[in-house]
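Trainee: I keep meeting labels for residues and contacts, and I'd like to know where they come from. Can we go through some together?

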Amino acid sequence: MFIEVKVPALPESVADATIATWHKKVGDSVTRDENLLDLETDKVVLEVPAPTDGILTEIFFKQGDTVQSSQLLAKIEAKSTASASAAKKEEAPATKQAESQDEKASGPAVRRLMSEHDIQADLISGSGKNGRVTKDDVVSFIQSNREKTAPAAPQAKQQPTAVGAREERRVPMTRLRAKIAERLVQAQHNAAMLTTFNEVNLKAVMDLRAQYKDVFEKKHGVKLGFMSFFTKAVVEALKRFPAVNASIDGQDIIYHGYYDIGIAVSTDRGLVVPVVRDADLLNMADIEKTISDSANRARQGKLAMEDMQGGTFTITNGGVFGSLLATPIINPPQTAILGMHKIQERPIAENGQVVIRPMMYLALSYDHRLIDGKESVQFLVAVKELLEDPSRLLLNV
């Protein structure tokens with residue numbers, strides 16, 4: 001009995017998908033729920049599992065092909081029938097092969113050595129009686145193969161590239177990378193985007209984190225990072241300036257009465273933005289757990305479409321890569337994004353004295369169609385003040 005493998009139902013906003021990788025080939029054995037292939041859409045990678053145990057008998061699309069929902073991808077011969085047919089097909093050849101090995105090998109020790117190194121007796125010229133393969137023949141064959149393959153790496157190093165040669169490599173853009181490019185251009189074309197800057201003294205946050213990080217991790221099972229502090233400060237500032245948490249839909253302004261904060265995550269495939277839902281209702285431990293789980297799934301390509309939809313504001317942290325100052329691009333249809341940067345010790349004036357403090361530049365890019373300069377500056381100042389004195393978050397002042 002043959003089982004069909006079809007393209008799963010794609011998310012509503014996704015028209016088609018591209019076959020990114022086949023993990024199995026025709027003739028391979030598969031087990032139920034084993035991943036057969038990866039489908040790449042504009043936003044997520046979908047895994048297509050095997051519906052049953054059996055043998056993969058047919059593949060109808062190759063890597064790089066574009067497919068649509070419910071299209072037939074492959075066929076699997078179910079285990080019950082596959083095992084029966086395979087037994088009939090392989091019984092005779094397997095017996096003949098075993099007999100051939102037995103005839104040419106001079107003893108069980110030789111057969112075992114050939115089996116360990118996956119060597120067929122027909123490949124070796126036997127020096128024993130009646131052309132039988134001896135243990136010395138097998139050892140010599142293995143050593144000869146090693147000598148043939150070993151010089152390959154050093155030889156490559158000894159052949160320098162010709163003077164003046166310039167290599168080029170053309171590869172197709174992934175679906176995710178193409179979608180990112182499209183949205184970035186769209187954001188710059190459709191928004192009156194400006195950026196305002198400020199800097200924040202993170203000494204209070206770092207002291208608090210150093211004091212409680214071990215207790216925090218022991219109690220909650222997750223490390224206390226900086227993102228929970230920034231997320232809490234952003235949510236409080238958004239409550240004070242609702243326009244920064246709003247979005248534009250045509251000629252309408254949509255004010256959101258909830259706080260779904262997108263956290264930008266860099267992956268090998270590109271930048272994705274999983275969303276922390278109802279961040280205002282979560283404590284710092286829940287925020288850290290959500291961010292950690294989303295980041296891990298993002299890097300494994302296991303984020304679902306709903307994990308990245310519906311954010312009202314985004315935070316991106318270029319500081320983890322060493323960025324000192326940058327202007328983030330708005331994630332449409334949102335109207336603002338906060339950019340974090342590298343923490344760097346710098347001299348600042350404090351109470352009339354020059355002191356060294358851990359400072360970070362903050363950047364707020366915003367859509368000037370909805371947010372005025374005054375609001376953007378006041379929002380960023382609010383975030384700065386909340387971070388420089390975290391007790392404000394508890395006292396709501």
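Trainee: Why is E34 called partly exposed?

Mentor: This is a predicted model, so we go by computed values. E34 has a relative accessible area of 24%. Buried means under 20% and exposed means over 50%, with partly exposed in between, so at 24% E34 counts as partly exposed.

Trainee: And K24, is that buried or exposed?

Mentor: K24 comes out at 18% relative accessibility. The cut-off for buried is under 20%, so K24 counts as buried.

Trainee: What makes E34 and K24 a salt bridge?

Mentor: Their side chains meet at 2.9 Å, N to O. The limit is 4 Å between a Lys or Arg side-chain nitrogen and an Asp or Glu carboxyl oxygen, so this pair qualifies. E34 sits in the loop between strand 3 and strand 4, and K24 in the loop between strand 2 and strand 3, so the pair ties together parts that are ten residues apart in sequence.

Trainee: What about D207 and K203, where do they lie?

Mentor: Both are in helix 6, four residues apart, about one turn of the helix. Residues three or four places apart on an α-helix point the same way, because there are 3.6 residues a turn. The side chains of D207 and K203 meet at 2.7 Å, N to O, in a salt bridge.

Trainee: Now helix 8: how does its length compare with the expected span?

Mentor: Helix 8 has 16 residues and reaches 23 Å from its first C-alpha to its last, close to the 22 Å expected at 1.5 Å a residue.

Trainee: Last one: what makes strand 1 and strand 3 edge strands?

Mentor: The open sheet has four strands in the order 1-8-6-3, with antiparallel pairing. Strand 1 and strand 3 each pair on one side only. As for strand 3 and strand 6, two bridges join them; pairing takes at least two, so they count as paired.

How values were computed. Residues are numbered from 1 along each chain as its sequence is written. This is a predicted model: local features need pLDDT of at least 70, side-chain atom pairs count only at pLDDT 80 or more; totals for chains, interfaces and linings use all residues. Side-chain values use heavy atoms; hydrogens and water are left out. The expected span of a helix is 1.5 Å times one less than its number of residues. Buried means under 20% relative accessible area, exposed over 50%, partly exposed in between (1.4 Å probe, protein chains only).
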